[in-house]
Amino acid sequence: MQPASQLPSSPVNLWPDDADHLLKAADMPRLTFYPAAEPTGAAVIVLPGGGYWCLADHEGEPVARWLSSLGIHGIVLNYRHRPDYAHPHPLNDAQRAIRQVRHYAGQWGIDAARIGILGFSAGGHLAATASTLFEPANPQAADPLDRPGSRPDLSILLYPVITLEKHPTHGGSRQALLGNAPAADLLRRMCPEEQVTAQTPPAFLFHTLADDGVPMENSLLYAAALRQAKVAFELHIYERGNHGVGLAAEDAQLHTWPLLCGNWLKLRGFARA
């Protein structure tokens, strides 16, 4: 068991107050912390869905509190999105969040080698992108927070948008992130299933066959790419269930996905045994 948490008790800004990529101060991305009562030292950054247009409340705080019940520090990232922000701002925020948590890991009672990322729907796309387009450590970076690497140690992808160039994509997320006519090379780069390598972190995926918002083929594409690269993963496809169910606490079948994920997190050394 790790020492008692020293996590911040109030939200922490992701960028300096005078960051020139912010249109206004109210848009500042922030990390909000939900410490585990009996921490293992692991932390998971939570990215709510919302089609890159908003952030779904039920995919934020409740999920972080569920993680904390497993002994994992839950950290919700309020990342930038439309109408004012498109690519690369969401990815910049996700990468910065991982680096910031890793930079302060010792101070916050977190194991720098056990920092995961979790995303729903478009947040799942962002989590998968952060898992495939990560950057190595840069000890010479001018900003100390930019020195750690941005690779998460695992990812949890929940009814995720994955591909942006094939039929099963979610058109609204693609348009919000990249606009109406993205260049072909950018489009391919932002398809996580095309960017998987042997260095991509292990993943847990959950989807439903009945999802008519983001087809379950998205999860299959990512799982197939992980399999090809010999990266460990666990994939669960349920027959029934709508898109956007979150923790699905009221659903007799779907409420089991957090139990399965919790077991997987134990296997990966994140959750309490």
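A residue counts as buried under 20% relative accessible area, as exposed over 50% and as partly exposed in between (1.4 Å probe, protein chains only). By that rule Arg99 is buried, with a relative accessible area of 8%. This is a predicted model, in which local features need pLDDT of at least 70, side-chain atom pairs count only at pLDDT 80 or more, and totals for chains, interfaces and linings use all residues. Residues are numbered from 1 along each chain as its sequence is written, and side-chain values use heavy atoms, with hydrogens and water left out.

**Largest pocket**

- The largest pocket has a volume of about 180 Å³, the volume being the space filled by probe spheres set on grid points that are joined across faces, edges and corners.
- A pocket is an open set of points on a 1 Å grid over the protein atoms alone where a 1.4 Å probe fits, with protein on both sides within 12 Å along at least five of seven lines; lining residues have an atom within 4 Å of a point.
- The lining includes Trp15, His87, Arg99, Glu135, Asp146 and Arg189.
- Helix H2 (residues 89–103) gives the most to this lining, with 5 residues; helices (H or I, at least four residues) and strands (E, at least two) are DSSP runs, numbered from the N terminus.
- By class the lining has 4 nonpolar, 3 polar and 5 charged residues; Ala, Val, Leu, Ile, Met, Phe, Trp, Tyr, Cys and Pro count as nonpolar, Asp, Glu, Lys and Arg as charged, and the others, Gly among them, as polar.

**Arg99**

- Arg99 lies in helix H2.
- Leaving aside residues up to four places away in sequence, Arg99 touches Glu135, Pro136, Leu145, Asp146, Pro148, Gly149 and Ser150, where contact means heavy atoms within 4.5 Å.

**Sheet**

- An open sheet of 8 strands runs in the order E1-E2-E4-E3-E5-E6-E7-E8, with mixed pairing.
- Its edge strands are E1 (12–13) and E8 (233–238), each pairing on one side only; two strands pair if DSSP finds at least two bridges between them.
- Strands E3 (residues 43–47) and E4 (residues 73–78) run parallel and are joined by 4 bridges.
- Ile45 stands opposite Ile75 in E4.

**Helix H1**

- Val63, Ala64, Trp66, Leu67 and Ser68 are buried in helix H1 (residues 61–69).
- Their cover includes strands E2 (30–34), E3, E4 and E5 (115–120), and helix H9 (257–267).
- Gly71 follows H1 and has a positive phi, near 95°.

**Cysteines**

- With a disulfide taken as a pair of cysteine sulfur atoms within 2.5 Å, the count comes to 0 disulfides.
- Cys191 is buried at 0% relative accessibility, and Cys261 is buried with a relative accessible area of 0%.
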